[in-house]
Amino acid sequence: MAEEQLLFILLLILRFIFATPIDTITINQTLADGNFLISKNNSFTLGFFTPGSSSYRYLGIWFYKVPRQTVVWVANRNNPINGSSGVVSINQYGNLVLYSNLEEKIPVWSTNISAEDASASEAQLLDSGNLVLVKTTSKRIVWQSFDYPTNTMLRGMKFGLDQRRGLDWSLTSWRSADDPGNSEYSVKLDPRGSPQYFLYKGESRYWRSVPWPWRTIANVYNYSFVNTKHEIYFSYNYSDPSVIIRMMLDEGGFVKWFTWHEIEARWKEFWSAPKYRCEWYGVCGANSKCEPNNVNTFECSCLPGYEPKFPRDWHLRDGSGGCVRRRLQSSPDCENGDGFLKVEHVKVPDTTAATWVAMGMTHLDCEHECKKNCSCSAFSSIPIAGKGTGCLAWYGDLMDIIDLSDYSGYDLYIRVDAFELAVDGSKSYRFLQKKGMLVVGIPSLISVWLVIIIFIYFWFWKRRKAVISKNRLNKKIFDSSIGLNNYEDSLEENGLRGSGNQPNLIFFDFSTILAATNNFSATNILGQGGFGSVYKGKLSNGQEIAVKRMSKNSKQGIREFKNEAILIAKLQHRNLVKLIGCCIQKKEQVLIYEYLPNKSLDSFLFDQERRFLLDWEMRFNIIIGIARGILYLHQDSRLRIIHRDLKSSNILLDGEMNPKISDFGMARLFRSDQIQDVTNRVVGTYGYMSPEYAVFGKFSVKSDVFSFGVILLEIISGKRSNGFNQEDTSLSLIGHVWDLWREGKALEIVDSSMESSYNHHEAMRCIQIGLLCVQENAANRPTMSAVYLMLSSETALPSPEQPAFVFRTYYNTSNSRVREEGSCSVKELSITTVATR
């Protein structure tokens, strides 16, 4: 009996020993393929893994608590092991070594510490994700994985340079999801001038960060920047250890920040670069500025005192040649009339050619220092925490300047000659003249001015009374609680409660609308909207308008009307339809929009004659314009808006065939930190609705991405998504494109009206991007910023996965807008309440 008890106790002890995570390898131990090191608090794992569809094995580190294996460091990234016989141990020289098998004498990888450090060592995986090699006796760290990052930066890791030890703490992306080997993309610190990070594609600069000093990034992470004689680096930390944050350089050449959302079991991207064409390094060449908000015009403009170096290329929208001074031969005395003109709120130029003149210098002293040096081409006074204002001066060409409309940049002062100063002064003088702000010293006109002033005073008095009256009506309508229960918190947070302060919204009298539309004549109808009809009208001043009149029998009206009026009044973008005003009178609810003569996109795409007017260049420009508009809604406006009803009939075309997104009646406003929302009132149009929205009522920015993907495929194919008919009637348009894609025949879907006149490469990229947007799993779909970059660059595209709605389970051939389609993986589920349009 005693022997059995003793045996039981021994078994318990052995079970306890082997159940305890092992985080250390000593000189007498090995770690074979299939075994793991787990850090003390179960934060990270070290072991062998196979990436993606590869057959090779690698030694790496990944998050222990993240169910989706996310590798953050790879030892033998360029020397894979063929087979599962790899083994890790510490050799007689104190190095951690990796062999492909026990019989091998030459290691696949080694820590390779110097002979002077050769003594008994042990390797330990820390809870920070750092694999360290320490001396057994002194516990001194002689090697650590944080000194040799791969594609990921973790909290506590240094990102920069150790100039004393010759360490380059930089990131290099994987070649692909199946191959962690070094690719052509890397991110490195350049310490010259004011330190800044560059993203390289091979040897070429591809993107540049904002130079130091950086503005504080609130509520994201606590970062620090160290700049000493021996070390220059960036690092970050977070006080809550349960929050998992990582920065990585992905296979496509994008720098991204992620946080792990445990409830949703997915990584959420909260920052990435580059996002826009303007963020590509030097896209506008030297001595120019790139303006990302110039959505339908050329984004490059020369700095004050400069002109395009190659005017013909500039006219063809190629700004890579940059700009040169208008007068190349300047005065030998650079201080003879030279001065500075301000360029506001910009990402300052590449600081490789810049120097910190002094820390703690006033703006005037900084200007003086730059002015007395003939080589100084620009300067900026930049506040530095704890040191006052620093003076940063540039010498030579000014490269990679971006206009930052969010006021996060700094003011840059460009050196110009006396002539440019005079021209700028003349402009200011004429501006003041136009505004009536110059003092006119002619006594005979005093009495005339007095009469005019009195007249203007009474005119403004009467106008103010009228505005107050309208604002009272406006407040009564928009501040009521009806229909705003889902939006009040968001509207209040963004300053949208009430519309008494809607400066761009004109309130029309109903009689004016009646006259403009000829009493809502049937001959003036442009089309049917979600809650009424749209009429063409003409105001008494000759301006043509589109009038959206809510049906009196509509069950959806008041919420959508208020929603659309409030949201669009706050949105200004070239690719969004412009709201001119509204009318709320005699139980009538009317929205007045700009009139777009070419009507909607679907009237061209699906018309057997008009579709021939859409050549490839025009279709591609429409795709780009729609992407810009959605990107503005999701990210670039000061609101975050999910449209929820994107479709080709809601894309209107102006006289120059520029697309404008319309119909915001179903749009939802998201808080800045909100990921998705759920509703049991599903609205929209089947064929364009994402599966998670149509079935579960979940919607997010990825819902709009799905709709955009459908529109993109419609533009390329000239076929309706929800009216597609092929020999195999079970296949939807998405399913048909997916089949052709898998068979390598994707270009067969291209609209036959274009014949062979389209760009095959661009069309193939667009089809691939469209399939990426309609992937069944919302997490796999790209964001609109990624979509826009894919469309406007040659960056590598990932392979699309299974799309949603491959098979059609029901098709209604009537004129109804309702289209029901089933996903190949979501079956036999019902929707509680459906409101189709």
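**Exercise 1.** How many of the 21 residues of α10 are buried, and is the helix largely enclosed by the rest of the structure or largely open?

*Solution.* The model is a predicted one. Begin with the extent of the helix: α10 covers residues 616-636 and spans 28 Å from its first C-alpha to its last, close to the 30 Å expected at 1.5 Å a residue. Next, apply the cut-off for burial, which is under 20% relative accessible area. In α10, 16 of the 21 residues are buried, so the helix is largely enclosed by the rest of the structure.

**Exercise 2.** Describe the hairpin formed by β24 and β25.

*Solution.* Consider the pairing first: β24 (residues 255-261) and β25 (residues 266-273) are antiparallel and share 7 bridges. Phe 258, for instance, is bridged to Glu 269 in β25. Then consider the turn: 4 residues lie between the strands, and Ala 265 in the turn has a positive phi of about 55°.

**Exercise 3.** For the disulfides Cys 278 to Cys 290 and Cys 366 to Cys 391, assign the handedness and locate the partners.

*Solution.* In the pair Cys 278 and Cys 290, the sulfur atoms are 1.9 Å apart. The torsion about their S-S bond is about -75°, so this disulfide is left-handed. Cys 278 lies in the loop between β25 and β26 (288-290), whereas Cys 290 lies in β26, so the pair ties together parts 12 residues apart in sequence. Cys 278 is buried at a relative accessible area of 4%, and Cys 290 is buried at 1%.

Turning to the other pair, Cys 366 and Cys 391 are joined with an S to S distance of 1.9 Å. Here the torsion is about 75°, so the disulfide is right-handed. Cys 366 belongs to helix α3 (residues 363-371) and Cys 391 to strand β33 (residues 388-395), 25 residues apart. Both Cys 366 and Cys 391 are buried.

Technical notes: Residues numbered from 1 in each chain as written. Predicted model: local features only at pLDDT ≥ 70, side-chain atom pairs only at ≥ 80, totals over all residues. Heavy atoms only, no water. Pairing = 2+ DSSP bridges. Helix = DSSP H or I, 4+ residues; strand = E, 2+ residues; numbered from the N terminus. Expected span 1.5 Å × (residues − 1). Buried < 20%, exposed > 50% of the residue type's maximum accessible area, 1.4 Å probe, protein only. Disulfide = S-S within 2.5 Å.
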